[in-house]
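Here are my notes on this one, jotted down as numbered points. Have the model open while you read.

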Amino acid sequence: MKEPNTTSPIRKPVQPKVHRIALFPRMLACLAITAGVLLCGLAAQAQPVLKLRYGFDDAGPGTSTPSDTSGGGVAATLQMLSYAGALTDYHGAANSGVAGAITGSRALNFSSNTRSGANGPVAAVTNATLGFGQVSAFTVTMWWKKMDGWQSDGFGPRMFVMGAPGFDDINTTANSMGLKYQAAGQLYFSMNTGNPTAAATFTSDLPTNRWLFVAITYDGTNVKIYEGTDTSVSTLISTTAVSGQIIDFGSTGAICIGNRRAKTRDFDGWIDDFRFYTGAGDATFVENLRSTAAGNPPVVNNVYPDGTILQQATNT
């Protein structure tokens, strides 16, 4: 007896559905996270590296002042020299620094000079630790409080000159850089023999008897000069296109602060917190340096804790 024909319809195997569209957001999220980590890593690598800092906070007595190595900078002790070349004590008193009223910090004290732009002292050193080799991008920042106005003979002080040994002044020798007053309201910055490489021209004379902050950055393409004070944020003053400049410090470098090597363009006042970095900092980096050096003063009821100075923009 034949089996009855009860054949059922043939069923095709069911393929599981793959929700590809649902996977895309996860994949994109993973890619975004990965890209973010890479970008953060690149940004961290691009930060300027501190090579040299002079805080001038040692009390003395003595005729030298060491660099601050706590942040990673090299050790290079400045010798304090009078115009005659004699080792002389120019340590500032407690509270003389830019943040002195808050932290008690000190500053390099050249205030005994009768004027700026004449014969006077310098803080200088030549040392193998300053042999930074070829530098194609950098950040330089410093503070000063100038006591005298512009002199009628037109000679302005040199704030710093640094580079390979052998330089005398800014713009006279290759592989050097420096900053000077060109006029009461103008600063010149020079790299190599640029005369100048970049200028910062202000709308009024630079202030006297108050702390001034100046930063210079170079990224291989542009020189930028910033200015601020202990109570006002740093502002970009000038941008000058200059491509392909290199300062070769070689295996031994040198620096003069507050004068040129011949000691004939002195500075009348106080100098504080000189910093040199390899790598160009941005505006945020520059402002962080200014704010930190100024002491990041806490405010209580709109006044500093000592009750003597009102916070900026609240004196109404």
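1. Start with a charge over a ring: Arg265 lies over the face of Phe155, at 4.1 Å from the ring centre. Arg261 does something of the kind with Phe167, its charged end sitting over the ring at 4.6 Å from the centre. Keep in mind throughout that this is a predicted model.

2. On to the salt bridges, where the count is nine. Have a look at Arg53, which pairs with Asp68, the closest N and O atoms being 2.6 Å apart. Arg53 sits in strand β1 (residues 49–54) and Asp68 in the loop between β2 and β3, so this pair links distant parts of the chain, 15 residues apart. Arg53 counts as buried because its relative accessibility is 15%, while Asp68, with a relative accessible area of 22%, is partly exposed.

3. Arg53 has another partner: its side chain meets that of Asp273 in a salt bridge (2.6 Å, N to O). Since Asp273 lies in strand β17 and Arg53 in strand β1, the pair ties together parts that are 220 residues apart in sequence. Asp273 is buried, at a relative accessible area of 4%. Put together, Arg53, Asp68, Asp273 and Arg275 are linked in a network of salt bridges.

4. You'll find Ser67 in the loop between β2 (64–65) and β3 (78–81), and at 11% relative accessibility Ser67 counts as buried. What does its side chain reach? The side chain of Ser67 gets to the backbone oxygen of Val74 at 2.7 Å and to the backbone nitrogen of Ala76 at 2.9 Å. Leaving aside neighbours within four places in sequence, the contacts of Ser67 include Leu52, Arg53 and Tyr54.

5. There's also a salt bridge between the side chains of Arg260 and Asp169 (2.6 Å, N to O). Arg260 is in the loop between β16 (253–257) and β17, and Asp169 in the loop between β8 (158–163) and β9 (176–183), so parts 91 residues apart in sequence are tied together. Both ends are buried: Arg260 at 14% relative accessibility, Asp169 with a relative accessible area of 6%.

6. Now the aromatics, with twelve pairs in the count. The rings of Phe138 and Tyr218 have centres 5.8 Å apart and planes at 40°, so this pair is tilted. Phe138 belongs to strand β7 and Tyr218 to strand β12, so the pair ties together parts that are 80 residues apart in sequence. Phe138 and Tyr218 are buried. They also belong to one aromatic cluster, along with Phe132, Phe189, Phe249 and Phe276.

7. What about the nonpolar core? The largest one has 46 residues, of which Trp144, Met177, Phe274 and Phe276 touch the most other members. Phe276 is in contact with residues including Val49, Leu50, Phe132, Phe138, Met177 and Phe249. A second, separate core of eleven residues includes Val98, Phe213, Trp270 and Val286.

8. Last, helix α3 (residues 283–293). Its buried residues are Phe285, Val286, Glu287, Leu289, Arg290 and Ala293, and they pack against β7 (138–146), β12 (212–218), β13 (222–229) and β17 (269–278). At the start of α3, a side-chain oxygen of Asp282 comes to within 3.3 Å of the backbone nitrogen of Thr284. After the helix comes Gly295, with a positive phi near 100°.

Key
Residues are numbered from 1 along each chain as its sequence is written. This is a predicted model: local features need pLDDT of at least 70, side-chain atom pairs count only at pLDDT 80 or more; totals for chains, interfaces and linings use all residues. Side-chain values use heavy atoms; hydrogens and water are left out. Helices (H or I, at least four residues) and strands (E, at least two) are DSSP runs, numbered from the N terminus. Buried means under 20% relative accessible area, exposed over 50%, partly exposed in between (1.4 Å probe, protein chains only). A polar contact is a pair of N or O atoms within 3.5 Å; within protein, one must be able to donate a hydrogen and the other to accept it, and residues adjacent in sequence count only if both atoms are side-chain atoms. Contact means heavy atoms within 4.5 Å. A nonpolar core is a set of buried Ala, Val, Leu, Ile, Met, Phe, Trp, Tyr and Cys residues joined through side-chain atoms within 4.5 Å. Rings of Phe, Tyr and Trp (its six-membered ring) pair if their centres lie within 6.5 Å; planes under 30 degrees apart count as stacked, over 60 as edge-to-face and the rest as tilted. A charge sits over a ring if NZ of Lys or CZ of Arg is within 6 Å of the ring centre and within 35 degrees of the ring normal. A salt bridge is a side-chain nitrogen of Lys or Arg within 4 Å of a carboxyl oxygen of Asp or Glu.
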